[in-house]
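Visitor: Please take me in for a close look at a single part of this structure. Then show me what surrounds it.

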Amino acid sequence: MSERVVISPTSRQEGHAELVMEVDDEGIVTKGRYFSITPVRGLEKIVTGKAPETAPVITQRICGVCPIPHTLASVEAMDDSLDIEIPKAARQLRELVLCAHHINSHAIHQFLIAADVVPEDLMVTAINSVSEIRKNVQYVVDMVGGEGIHPSDVRIGGMAKNISETARKRLYGRLKALKPKLDAHVDLIIGLVADKGFPEGLGVHNQKTLATDVLYGDRTKFDLDRFTEILPESWYDDPEIAKRACSTVPLYDGRNVEVGPRARMVEFQGFKEKGVVAQHVARALEMKSALSKAIDILAELDTSAPVMADYDIRGTNKLGVGAIEGPRGMDIHMAQVNNGKTQFYSCLVPTTWNIPTMGPATEGFHHEFGPHVIRAYDPCLSCATHMIVVDDEDRRVIKNEMIRI
Amino acid sequence: MVLGTYKQITLARSTDKQIQKISQDGGIATGLLCFALDEKLIDGAVVAGPSDEMWKPEPTVAMSSDDILAAAGTKYTISPNLWMVKEAVRQYGLEKAGIVTIPCQTMGLRKMQSYPIGVRFVADKIALDIGIFCTENFPFESLKTFISAKAGVDFGLVEKMDIGKGKFWVHTADDVISFPIKETHGYEQNGCKVCLDLVSELSDVSTGSIGAPDDWSAVMTRTDAGETIFSKAVDAGLIETKAMDEGKFGLEMLTKLATSKKEKAMKVIDERKAMGLPVPFKASNEKEGDPLANV
């Protein structure tokens with residue numbers, strides 16, 4: 001006799017989503033479905049028809065948790081569409097701000113899972129550790145990006161300004177001093193996740209991983225020809241869920257994939273582990289990679305170098321692709337600019353990739369572990385929302401096509 | 001109290017010969033900032049530095065004494081120094097910034113610190129605010145116009161401008177021309193007409209020439225930070241002091257001018273309020289207590 005367990009909305013994540021699990025008599029999940037129920041804001045449509053500079057400013061508002069990857073993906077897409085080669089120092093500053101953001105965002109996630117894995121007596125230690133790390137890396141984002149939440153200095157063609165030599169030295173000193181603290185923090189988190197004793201094999205699935213770079217993102221590694229996008233109707237076998245799901249299902253080589261820290265480590269660092277624990281471990285380890293890269297960049301950054309390229313804003317209608325590895329996975333923005341206006345804009349955001357993989361990953365274990373599996377992906381739903389047109393009264397789908405709004 | 005809250009008031013001047021030569025009066029702003037920078041009490045300062053155009057200041061982040069010396073001397077047109085604060089803290093990475101402000105900017109700075117909307121983690125990095133006495137300020141075009149029209153001097157030849165003894169003084173290489181300060185009325189910024197503050201009442205240290213003899217400045221220390229820095233500079237021998245004259249050309253004059261600025265502004269505020277215009281100050285009948293308070 002199968003029963004349904006519904007968690008709506010799933011908690012301690014950004015945005016709203018629903019987890020529907022079919023369970024057998026023992027409570028073991030036989031079928032898991034996860035889908036976004038976050039309403040649409042219409043950001044892709046807002047930027048269409050406007051000046052290209054509008055896009056980074058608007059799309060960074062997709063989400064307050066990871067505005068940096070969206071800004072970067074947006075400017076990278078515009079750079080590509082306008083055929084801009086950005087100066088080396090600008091690229092370094094962009095990488096620096098993203099590294100700092102990776103650490104910040106992962107630390108936030110560790111705060112969100114603290115209630116799951118941290119015992120009472122260590123709670124204060126763990127939270128203080130998270131705060132200390134965030135304070136330091138957000139300082140980097142503040143200084144390099146111009147603002148901590150919606151960075152104003154990441155621009156099409158490079159960066160608005162280079163940082164001063166004093167700022168470089170100060171940031172370098174701060175991050176060097178952060179290193180031992182971060183190492184201790186990573187050990188703490190990995191230890192706590194291990195101590196929690198998640199069942200062996202929880203969250204393991206056989207889907208492929210997808211990532212374009214170790215940390216930053218590389219548009220040449222994303223092959224648009226291998227990408228397809230289908231409607232929820234043809235993905236979810238439950239028509240009711242298919243109707244309510246707010247996001248499209250992106251596929252790579254016709255299959256759903258996993259993106260995120262574990263995917264990056266599998267693709268680029270020979271990481272073999274799978275499942276919930278592996279995702280937490282990968283995320284924690286990635287904080288170390290990001291910090292050491294940030295320190296390297298600060299060591300070699302030339303603060304007197306130019307950071308803005310000359311470019312022609314009119315555009316040639318080339319489809320530009322910006323691929324950025326956000327904390328939650330690969331974030332792709334696509335843009336076309338012609339006659340000085342954005343003609344087409346589309347975002348393929350991290351959690352959209354993960355959504356079709358997350359539901360089935362809950363299968364085979366007791367439904368009580370479902371939320372743990374979901375949280376291990378650190379889903380961020382607000383960016384993962386597109387829309388279909390439904391009838392107001394009976395929620396019937398009027399237009400059976402995904403309208404990108 | 002028309003001079004705001006202060007700990008001590010004194011006459012002072014910089015003992016540094018180089019500063020004396022280029023500064024407006026006693027060289028207090030320049031001297032204090034150089035001292036604070038050298039002693040690492042601040043790690044940089046936002047000042048009205050030189051721009052491409054003569055006499056048009058530009059907010060600049062000074063990171064060394066040289067940068068500060070380059071910004072010495074009064075410019076009688078606005079330099080929006082607060083505009084540079086964010087950049088000073090972000091791109092320049094200052095954590096203990098100094099800043100020079102005129103009274104309206106001092107008010108703005110304190111407001112930024114009290115309500116840091118849009119300047120989170122920025123305004124709290126200001127460690128020292130040196131406020132300058134200010135009777136009024138002129139838009140750049142105004143300044144150009146009345147100097148060439150009233151003083152009859154080509155703007156490019158001006159070497160120093162000064163206000164004192166009721167006159168506006170223009171120094172060129174071989175001439176000193178003056179005209180009554182009354183003749184500049186009408187050229188000042190509109191906002192100056194409702195300004196109730198002559199002496200930067202909210203700054204850490206305020207300084208200016210009113211009430212001081214030539215080449216000296218009047219100094220008021222107002223906060224612990226200001227008092228500490230000033231007394232350290234005096235102890236280090238970089239600034240010499242002498243008692244302020246209480247009489248007609250000293251404290252009395254400063255009080256008189258501060259009061260008359262307030263009274264004139266209060267009149268305009270009341271007029272504008274009566275017409276229903278927006279004024280960022282209270283009308284005199286809305287004030288509790290001191291009718292001339294800077295609120």
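Predicted model: local features only at pLDDT ≥ 70, side-chain atom pairs only at ≥ 80, totals over all residues.

**A helix and its partners**

Guide: α4(A) and α10(A) are roughly antiparallel to each other (an angle over 145 degrees; under 35 is roughly parallel, 65 to 115 roughly perpendicular, the rest oblique). Residues are numbered from 1 along each chain as its sequence is written, while chains are lettered from A and ligands numbered from 1 in written order.

Start with α4(A), residues 88–112. Helices are DSSP runs of H or I, at least four residues; strands are runs of E, at least two; both are numbered from the N terminus. The partner α10(A) covers residues 276–300. Their axes come within 9 Å and cross at roughly 150 degrees (axes are fitted to C-alpha atoms, for helices over the stretch in contact; angles run from 0 to 180 degrees between N-to-C directions). The crossing of α4(A) and α10(A) is left-handed: the near helix is turned anticlockwise from the far one by less than a right angle. On the α4(A) side, the contact includes Q92(A), E95(A), L96(A), C99(A) and A100(A). Among the α10(A) residues that meet them are R283(A), E286(A), M287(A), A290(A) and L291(A). Contact means C-beta atoms, placed from the backbone, within 7 Å. The contact of α4(A) with α10(A) divides into 10 nonpolar, 4 polar and 4 charged residues (nonpolar: Ala, Val, Leu, Ile, Met, Phe, Trp, Tyr, Cys, Pro; charged: Asp, Glu, Lys, Arg; polar: the others, Gly among them).

α4(A) also packs against α6(A). The axes of α4(A) and α6(A) come within 9 Å and cross at roughly 155 degrees. These two helices are therefore roughly antiparallel to each other. α4(A) passes α6(A) in a left-handed crossing. From α4(A), the residues in this contact include L93(A), L96(A), V97(A), A100(A) and I103(A). From α6(A), they include I127(A), V130(A), I133(A), R134(A) and V137(A). By class, the contact of α4(A) with α6(A) has 14 nonpolar, 5 polar and 1 charged residues. L96(A), A100(A) and I103(A) of α4(A) meet α6(A), and they also take part in the contact with α10(A).

Follow α6(A) to the other chain. 9 residues of chain A are in contact with 6 residues of chain B. α6 (123–145) and α7 (165–196) of chain A each supply at least two residues of the side that touches chain B. The largest share of that side, 3 residues, comes from α7(A). By class, that side has 3 nonpolar, 3 polar and 3 charged residues. The predictor gives the complex an ipTM of 0.74 and a pTM of 0.85. For chain B, the mean pLDDT is 91, and 100% of its residues reach 70 or more.

Now look at a sheet in chain A. Three strands, in the order β10-β11-β12, form an open sheet with antiparallel pairing. Strands pair if DSSP finds at least two bridges between them. β10 (316–326) and β12 (341–348) of chain A stand at the edges, each with a single partner strand, so one side of each lacks a neighbour in the sheet. The twist averages 15 degrees from one strand to the next. 7 bridges join β11(A), residues 329–338, to β12(A). The bridge partner of A335(A) in β12(A) is Y345(A). Helix α3(A), residues 67–81, lies across β10 and β11 of chain A, at about 150 degrees to β10(A). Helix α11(A), residues 350–361, lies across β10, β11 and β12 of chain A, at about 130 degrees to β11(A).

Technical notes. Contact = placed C-beta atoms within 7 Å. pLDDT = per-residue confidence, 0-100.
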